[in-house]
Amino acid sequence: WRETGRDDAGNALRRSVSTGTGAPCRHCLRNAAKGEEVLLGSYHLPGPTGVYWTPSPIFLHARDCAPYDGKNAIADIVRTSLVSVRAYDSQQMVLYDLGQVAEGPQADAPLARALADPRTAFVNIHTAKPGCLLCRVERI
């Protein structure tokens with residue numbers, strides 16, 4: 001995206017300067033600080049595929065940032081908003097009974113519930129209101 005100025009759908013990226021809230025970078029999984037330039041575009045999620053596939057708007061720092069490498073921890077960007085925890089099985093089908101909306105600070109319980117279920121292959125966490133993908137969670 002940074003090299004081409006285009007998102008996954010071929011749209012020109014929208015550039016803006018962060019106000020310090022509401023611009024979670026999908027690469028480093030931290031909120032952009034006030035004054036940082038961010039890019040907004042349409043991201044084609046690698047999963048789920050099939051009938052539950054959907055593109056998602058995401059933010060990305062305009063400058064290089066280190067990729068998130070946390071393990072056994074929930075990224076800070078999940079803690080800052082109302083989130084939707086969406087579990088999917090190995091066939092890329094949503095597990096409706098495991099889906100839950102929670103305030104970010106309370107996301108641990110629905111995420112743990114989804115990951116404890118043997119049907120779960122991965123979990124996507126989105127902002128609940130605008131629906132932007134925040135992160136994908138997999139067992140290690």
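The legends below describe close-up views of a predicted model.

View 1. Leaving aside neighbours within four places in sequence, Glu-36 is in contact with Ser-16, Val-17, Ser-18, Arg-30, Asn-31, His-61 and Arg-63.

**View 2. The salt-bridge network of Arg-30, Glu-36 and Arg-63.** Side chains of opposite charge can pair when their charged atoms come close. In this view Arg-30 forms a salt bridge with Glu-36, with the closest N and O atoms 3.0 Å apart, while the side chains of Arg-63 and Glu-36 meet in a salt bridge with an N to O distance of 2.6 Å. Since Arg-63 lies in the loop between β3 and β4 and Glu-36 in the loop between β1 and β2, the pair ties together parts that are 27 residues apart in sequence. Arg-30 is partly exposed, at a relative accessible area of 31%, and Arg-63 likewise counts as partly exposed, at 40% relative accessibility, whereas Glu-36 is buried.

**View 3. The salt bridge between Asp-64 and Arg-2.** The side chains of Asp-64 and Arg-2 meet here, with an N to O distance of 3.5 Å. This pair links distant parts of the chain, for Asp-64 is in the loop between β3 and β4 and Arg-2 is in the segment before β1, 62 residues away. Asp-64 counts as exposed at 64% relative accessibility, and Arg-2 is partly exposed with a relative accessible area of 28%. A search of the whole structure finds eight salt bridges, one of which is the bridge between Asp-64 and Arg-2.

**View 4. The cis peptide bond from Gly-47 to Pro-48.** Most residues other than glycine have a negative phi, and most peptide bonds are trans. The bond from Gly-47 to Pro-48, however, is cis, with omega near 10°, and Pro-48 is found in the loop between β2 (37–44) and β3 (55–61).

**View 5. Positive phi values at Asn-72 and Gln-92.** Asn-72, although not a glycine, has a positive phi of about 60°; Asn-72 sits in the loop between β3 and β4 (82–88) and is exposed, with a relative accessible area of 75%. Gln-92, which lies in the loop between β4 and β5 (100–103), also is a residue other than glycine with a positive phi, in this case near 70°.

Terms used:
Residues are numbered from 1 along each chain as its sequence is written. This is a predicted model: local features need pLDDT of at least 70, side-chain atom pairs count only at pLDDT 80 or more; totals for chains, interfaces and linings use all residues. Side-chain values use heavy atoms; hydrogens and water are left out. Helices (H or I, at least four residues) and strands (E, at least two) are DSSP runs, numbered from the N terminus. Buried means under 20% relative accessible area, exposed over 50%, partly exposed in between (1.4 Å probe, protein chains only). Contact means heavy atoms within 4.5 Å. A salt bridge is a side-chain nitrogen of Lys or Arg within 4 Å of a carboxyl oxygen of Asp or Glu.
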